[in-house]
Amino acid sequence: MLADRSVIRVAGEDVRGFLQGLVTSDTALLTPDAPAWSALLSPQGKVLFDFILWADGDDVLIDVEAAQAEALTKRLTLYRLRRAITLQPDDAKVHWSPTRNQGVPDPRLAALGHRWLAPASDPASGWHEHRLSLGVTEGIAELGNGETLWLECNARELNGVSFTKGCYVGQENTARMHHRSKVNRRLVVAPFTEPSARTRVTYPDLALMVEHRRVESLGDALTPPWLAAALVETP
């Protein structure tokens with residue numbers, strides 16, 4: 001179990017239609033075996049919350065950073081208006097395993113391991129280090145709160161955005177960056193050194209840090225295959 005994650009249940013009338021106009025992924029493609037990494041952006045295309053969406057019948061479950069669950073619920077409630085939709089904490093917990101013995105592949109990157117929702121159990125160990133070793137960032141400490149453009153969070157490379165589903169909050173700037181291939185900065189994981197203005201968060205116990213760097217100045221940042229391929233494609 002990942003103790004730092006919570007689950008929000010979104011239920012009611014046309015839940016997927018409600019979320020479709022708000023989040024970056026295509027909710028029409030959700031199935032129990034195909035969750036989606038997604039985000040709620042500012043109108044300027046900067047990430048406010050990132051999360052994983054799961055299909056559960058007509059409901060959608062949001063697997064989100066526990067510390068941000070209440071704030072995300074409040075934000076989505078503002079968009080609800082008069083729709084017959086409820087947003088409530090769910091008893092399910094988020095679980096992770098580096099092996100394939102349970103759950104489904106993480107929608108961002110298969111190498112992250114498998115993930116599933118189930119009742120609480122003993123906390124899992126090793127997730128944080130494993131995720132960072134693959135260069136994958138998440139959560140408000142790493143992505144920032146309204147500070148980082150979604151494509152700078154490597155959303156295109158990690159399956160966190162649809163360019164075919166239509167409008168959502170922040171879609172215009174996100175689509176423009178994509179079609180012009182204008183991702184000038186990236187969130188990257190790098191070996192721990194003295195923090196600077198581009199440092200988002202440090203993990204001295206893991207000898208790692210997350211930084212927001214220009215693509216021409218990635219330096220010693222980790223460049224796993226998924227990121228290396230994206231950098232080669234950048235003009």
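A: Two strands count as paired if DSSP finds at least two bridges between them. The strands themselves are DSSP runs (E, at least two residues; helices are H or I, at least four), numbered from the N terminus. This is a predicted model, in which local features need pLDDT of at least 70 and side-chain atom pairs count only at pLDDT 80 or more, while totals for chains, interfaces and linings use all residues. Residues are numbered from 1 along each chain as its sequence is written, and side-chain values use heavy atoms, leaving out hydrogens and water.

Now to the sheet. It is open and built from 3 strands in the order E9-E11-E10, with antiparallel pairing. Strand E9 (185-191) and strand E10 (199-203) each have a single partner strand, so they stand at the edges, and one side of each has no neighbour in the sheet. From one strand to the next, the twist averages 25°; such angles run from 0 to 180 degrees between N-to-C directions, using axes that are lines fitted to C-alpha atoms (for helices, over the stretch in contact).

Let's zoom in on one pairing. E10 and strand E11 (residues 208-214) run antiparallel and are joined by 4 bridges. Here tyrosine 203 stands opposite leucine 208 in E11. In general, strands of a sheet pair through backbone hydrogen bonds, either parallel or antiparallel.

For another strand to find on screen, look at E1 (residues 5-12), where arginine 5 lies.
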